[in-house]
Amino acid sequence: MTDKKNADLTPEESQTPKSSESGQEAPNQEAKLDAENKAEEPDAAKKPAGVNAKKESQDFFEKIHQKSPRQDSHQPSSKNDGDEQKEDYSDILTEDPELLQTKLKRYENDHKQKHNEYNILTENIGILIDSIHDDRRSGLQKDKDSKQRAEFEQQKESINKDIEKLENNIHLIKDKLAKVETLKSKIPGYKGEVTELTKEDENISANSLFVENKPIKNTVLYVATFFPDLNPHDFDRVVSFLLEEQTTTVMVKSQITTEHGEIRLIEAPKEKPLTEIWQESQHDQVLDNCYLNSVYLEDLSQIQIIDFNFLSLRDKLKKYFKKKLSLYLSKQFNRSRFLIFSLSIKVAINAIYLSVDMAISSPSAYGEDWLFEIIVGFTEKANYNIDNDSESEPEPQLNRLLAEITPEKRSSFVFNRVSSLIVEMLDYSQLQDVVKNFFEKLMLVKRYDAVLGIVKRLRSAPQFDELYWIKQLLDRGDEKIRSDAYKFLYSQLEQNSSCIYELLDTIKAWLPERDRTPKTYSQSNQYALRLLVEYCSETIRDLDFKDYGCWPSKYPLFAPLHGSSIESKLETLVTWIFHPGLNYILKYIFDTNTTQFIGFLVAEWFTILWGLEKKEPEQEASEVADNLIRQIILNTNRSQQKELVEFWTTLTDNLLDETEFYGESEDKKLRKESLRRRNLVKQLKKQFKAFQKNIPVAK
């Protein structure tokens, strides 16, 4: 997973001005919120196989890892070309060293495991190479060993890419940790005016700052500790949010008139909301008592944040809260967790990091339950008007946050933010079961819409198996959700053409056993059979005739064919389209039988590879065509092969009639095309028969 940086949640939600380097002004918040309200989830194809789904707007969690435009005030301005260049620390200003160390350890363990897998595959490939060159082994066994070797080579290539990504992540985290140490040793005052740690800093203890009967001061300290780098407006709103519904007893003076007409002053106890006291207080004085002040980041047009005077105070307080004030921390988190739904980007990011931190410390207490309650309680009614003054809901504070979102967008907003939190959770192995349990709970109460809504937003998240949950929705969902899940699955093939065979290899496992009767097929069995049939038909229909014969091919199923993995990929196609269950599925899709469909499909594939111009195909294209024929013969019996040849014979006769028809109509272009197609089908049949003589018959 990419390293986390202080970044915008979504382009629409951004409130932070762009860096002056961009030369552009950030749009105002009104325009951004309006853009967010117009954002739609990706539309599924209106018919099962066809129309390209709209690409969903970039999700909050995809942006959370991108670098914020914020720069530290110690960075030299681009105008001072003569000044000595200083190192850029802007990417680690808000990182938690403890979380970085945890992530580094996990990446290093994964790296070691991947290396072991790579070495084992290398040894197995060596054994297969020796076997292939062993003259004592049969040709059929050598063919099997060759296919196995190709699969292992493909796995090695994939593992090697994983190793490169892990090495890159390890390097980035180590670089960040080194920068953290540099900040501590060389730039202790990088956010404030303090340039060195003083005796005053050393003498300040967290215990002396936190006073039990000072709820406002304690809340300010909590916010400054766990919600760093907030501007004064956001800081004030978070403190007020956490103080809501809390009161304290104050003595209020009032005048009374005695029986004798005398006016006296008396004091009486009265409950007063803490939010009122906070708003009436001198904020600067409260901040000063907490060793907090306003810091201006000059490089970003005087952006102002609230921060501690001394760098060590946040670490001291964080440890103190966790070790000595666990109950207080839990109570505050029960409210502050809802701030992941704040419209403020900074507030939401900090709430997400805090939620992950709490879940790591106690997965059972801060795991899937509260997320489940939010989804069930606040997305079913997401399109209803929410009354700001209503206290009837179980979580009125969340109501107040969601009330800022237009009714028609609330469900999508909640799904976006929950997805962003899950992305962070998935980065820690100890929380992956928490995520799985969360989805399973939603499935049990039939909140299939929520599962699909979140899965769509997690499709590019590492460590998340989106296809597993799509399969669950197909098998366990209602008719509508099955249709929506299938459309999303189909759109994934369309949008991921470069890795389409990786997707197909996973979905291929959903196919029913070849000896099962259609009556026993599960829903995912049927949809898996249907998927490739419709995808092949649609992609052929959409391919422009001028792209026939091009190499590298522009046909989605041929474009990725290169290197040692060609045979295994073609085998995936062939075994899929020759699955016995296809005849059952074709009855519901096309008015044709299996032999006609496959015969036409293979003939068109052959034509795409050779091209409609009268010339020899590219060598690699010709090799793919030969491999395709070879895989068909290896994976079919003589009866199936005979039916194919008979179909191609009939097809050549039909194309001859078509050629003569266009000749009489004097349409030279169509006549030429029909003639070329007829010759290619004849060529296909000729090569097919030649291969039959040299390849063993499949059982």
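Leaving aside neighbours within four places in sequence, which residues is Thr652 in contact with? Thr652 is in contact with Arg678, Val681 and Lys682, where contact means heavy atoms within 4.5 Å. The model is predicted, so that local features need pLDDT of at least 70 and side-chain atom pairs count only at pLDDT 80 or more, while totals for chains, interfaces and linings use all residues. Residues are numbered from 1 along each chain as its sequence is written, and side-chain values use heavy atoms, with hydrogens and water left out.

**Buried positions in helices**

- Thr652 belongs to helix H28 (residues 638–664), helices being DSSP runs of H or I with at least four residues, numbered from the N terminus.
- With a relative accessible area of 5%, Thr652 is buried, a term for under 20% relative accessible area with a 1.4 Å probe and protein chains only.
- Val180, found in helix H4 (residues 139–186), counts as buried at 9% relative accessibility.
- Although Val180 and Pro97 are 83 residues apart in sequence, their C-alpha atoms are 7.5 Å apart in space.

**Helix H20 with helix H21**

- The axes of H20 (residues 466–476) and H21 (residues 479–495) come within 8 Å and cross at roughly 150 degrees, with axes fitted to C-alpha atoms over the stretch in contact and angles running from 0 to 180 degrees between N-to-C directions.
- H20 and H21 are therefore roughly antiparallel to each other, the word applying to angles over 145 degrees.
- The H20 side of the contact consists of Glu466, Leu467, Ile470, Leu473 and Leu474, and the H21 side includes Ile481, Arg482 and Tyr486.
- By class, this contact of H20 with H21 has nine nonpolar, one polar and two charged residues, where Ala, Val, Leu, Ile, Met, Phe, Trp, Tyr, Cys and Pro count as nonpolar, Asp, Glu, Lys and Arg as charged, and the others, Gly among them, as polar.

**Helix H23 with helix H24**

- H23 (residues 523–542) and H24 (residues 566–577) pack at an angle of about 115 degrees, and their axes are 10 Å apart.
- Ala528, Leu529 and Leu532 in H23 meet Leu573, Trp576 and Ile577 in H24, a contact with six nonpolar, no polar and no charged residues.

**Nonpolar cores**

- Among the 163 residues of the largest nonpolar core, Phe439 and Trp605 touch the most other members; such a core is a set of buried Ala, Val, Leu, Ile, Met, Phe, Trp, Tyr and Cys residues joined through side-chain atoms within 4.5 Å.
- Not counting residues up to four places away in sequence, Trp605 touches residues including Cys536, Tyr555, Leu573 and Ile577.
- Another core, of seven residues, lies apart from the largest one, and Leu100, Leu104, Ile173 and Leu177 are among its members.

Methods. Helices (H or I, at least four residues) and strands (E, at least two) are DSSP runs, numbered from the N terminus. Angles under 35 degrees count as roughly parallel, over 145 as roughly antiparallel, 65 to 115 as roughly perpendicular and the rest as oblique. Buried means under 20% relative accessible area, exposed over 50%, partly exposed in between (1.4 Å probe, protein chains only).
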